[in-house]
Amino acid sequence: MKNIVVLISGNGSNLQAIIDACRAHKIAGQVVAVFSNKAQAYGLERARQADIPAYFIDPADYPDREAYDKALITQIDGYQPDIVVLAGFMRILSPLFVNHYQHKLLNIHPSLLPKYPGLHTHKQVIENKDTFHGTTVHFVTEELDGGPMIIQARIPVSPDDTEQSLQAKIQTQEYRIYPLAISWLAEERLKMIDNRALLDGNVLFDNLD
């Protein structure tokens with residue numbers, strides 16, 4: 001059983017999907033702790049309801065991003081994590097943090113990367129009149145939303161879609177593919193080698209130029 005630590009900033013619906021998948025034995029692991037940079041993040045309450053230790057670490061208590069990340073690393077390492085999962089954690093992580101958890105740090109991003117890294121992806125899809133949208137699970141590297149891609153889910157965009165309707169459709173897909181990617185990592189089938197994601201030794205996406 002792998003120890004999984006989850007970082008959140010908000011509602012924690014992906015966290016809930018991960019907790020549920022662990023308890024249904026779809027992931028060979030357990031969520032051992034949840035951390036947030038927002039005191040009012042509902043995901044902290046989700047963790048407490050599941051009897052999982054939940055912590056708010058206030059960025060205002062630290063002079064800069066690296067100092068905050070050092071404190072976060074110290075807290076996370078107390079749980080001996082095998083996997084660290086970003087589930088709506090709305091902070092840019094320092095190279096110190098990323099490198100410390102390299103090869104076991106995952107994120108999910110609401111676009112078909114490499115399209116639309118960063119924020120406001122649903123708005124950009126609508127403004128550009130895209131016919132498809134999606135979500136991507138990837139390993140985290142120092143490049144924002146640029147790490148090796150693991151799995152994507154793709155949805156059609158309807159003419160009457162709004163940012164809210166796209167978000168709802170995307171989240172449904174996220175609850176399916178994020179636990180799946182985590183399960184591959186927990187089973188040691190998924191690895192990051194030479195800036196590529198490999199599943200059972202096969203390259204999933206070629207991220208190299």
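Is Lys169 buried, partly exposed or exposed? Lys169 is partly exposed, because its relative accessible area is 31%; buried means under 20%, exposed over 50% and partly exposed in between, with a 1.4 Å probe and protein chains only. This is a predicted model, where local features need pLDDT of at least 70, side-chain atom pairs count only at pLDDT 80 or more, and totals for chains, interfaces and linings use all residues. Residues are numbered from 1 along each chain as its sequence is written, and side-chain values use heavy atoms, with hydrogens and water left out.

Now the pairs. Side chains of opposite charge can pair when their charged atoms come close. The structure holds six salt bridges, each a side-chain nitrogen of Lys or Arg within 4 Å of a carboxyl oxygen of Asp or Glu.

Lys169 pairs with Asp161, with 3.0 Å between the closest N and O atoms. Asp161 is buried, at 10% relative accessibility.

Next, Glu188 and Lys2 form a salt bridge, their closest N and O atoms 2.6 Å apart. The two are 186 residues apart, with Lys2 in strand S1 and Glu188 in the loop between helix H6 and strand S8. Helices (H or I, at least four residues) and strands (E, at least two) are DSSP runs, numbered from the N terminus. Lys2 is buried at 19%, whereas Glu188 is partly exposed at 48%.

Finally, Asp200 bridges to Arg189 at 2.7 Å between the closest N and O atoms. Asp200 is partly exposed, at 49%, and so is Arg189, at 32%. Shared partners join Glu187, Arg189 and Asp200 into one network of salt bridges.
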